[in-house]
Amino acid sequence: MNERYSRQQLFAPIGEEGQKKIREKHVVLIGAGALGTGNAEALVRAGIGKLTIIDRDYVEWSNLQRQQLYSEVDAKERLPKAIAAKRRLERINSEVKIDAIVGEADAEQLESLAVEQRPDLLIDATDNFDARMIINDVAYKYGIPWIYGACVGSYGLSYAFIPGRTPCLYCLLETVPQGGLTCDTAGIISPAVQMVVSYQVAEALKVLVEDWAALRGKLVSFDLWTNEYAAIRIDAVKRDDCPTCGHRPSYPFLSYEHQTKTAVLCGRDSVQIRPSSRRQYDVNELASLFRRQGLRAEANPYLVSVSLGAKRLVVFADGRALVHGTKDVNEAKTIYYRYLG
């Protein structure tokens, strides 16, 4: 018995055979914020074979209250979350292969991973339903289980979607919900994060050891502050005409027109902008260009940050940009095109 995982292997539903299966599996984690860092650390400590982390953002001071892999140094350096997470996780378990992708988990990215690497599980740790609908379409198109998780305030919920066995997210929602509470308006407490992570990781381990009968099969929700809990079966919401899991699927959220090009980010006065076509910047050259214009610019190998009075423009090497200091999409676009064309 491997001493490192001995206590986990003593748990009968996993055992030595289950541990071998965990070691052979590949999980793709979409998002490296509060839920993402919790899931990532638990899976790496459990001995997953390979973990791919996709995240579009970088570490900020406000993350440190609940995003457990990051340090003050990461925030000072504005290190991309995927990179910071990879570095920390490799120090926790050097046996795990960890890939870090600094970028958007869009349809092109996720379909490429699904086709080329055939991951065993997708875990949702995002903060928006546009991304979740893309995950949902990719999962059902390629037959990959995925685990949904969300939390805001003291409230959280989770569900394991299994293609061919359960309804999909589209069946539950029919359309992407607009509005509602976010961590920007309602805040977030770390116990709610940890509770959702616990539900997600428990279901993930069941999938990884292929104990399908042990899956909860219910949508679980809770509010830790008001001491409420619910678990409901959702089998009845499955629709034969669902465009994702119905008899004639079309996977609508994999088409370009359904993918959001701008997004107001959860918890911050910030707007993300994705260019209409993929770009690749040399961030050091871009920083020099900004400095020649009399602007204060700071760069690391992954991004350049430019101060614009009360606003701040952050440009990633893949062409994406964050405009801080506004939630006005049109204002953000004006700043973006003024400096990046």
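Modeller: A residue counts as buried under 20% relative accessible area, as exposed over 50%, and as partly exposed in between, with a 1.4 Å probe and protein chains only. This is a predicted model, in which local features need pLDDT of at least 70 and side-chain atom pairs count only at pLDDT 80 or more, while totals for chains, interfaces and linings use all residues. Residues are numbered from 1 along each chain as its sequence is written, and side-chain values use heavy atoms, without hydrogens and water.

Colleague: What makes α3 largely enclosed by the rest of the structure?

Modeller: Of its 13 residues, 11 are buried, so helix α3 is largely enclosed. Among the buried ones are A34, N39, E41 and V44.

Colleague: What makes β3 and β8 edge strands?

Modeller: Two strands pair if DSSP finds at least two bridges between them. The open sheet has eight strands in the order β3-β2-β1-β4-β5-β6-β7-β8, with mixed pairing. Strands β3 (97-102) and β8 (228-232) each pair on one side only, and these are the edge strands.

Colleague: How do you know that β4 and β5 pair?

Modeller: Two bridges join β4 (residues 121-124) to β5 (residues 146-152), and the two run parallel. The definition asks for at least two bridges, so the pair qualifies. I123 stands opposite I147 in β5.

Key: Helix = DSSP H or I, 4+ residues; strand = E, 2+ residues; numbered from the N terminus.
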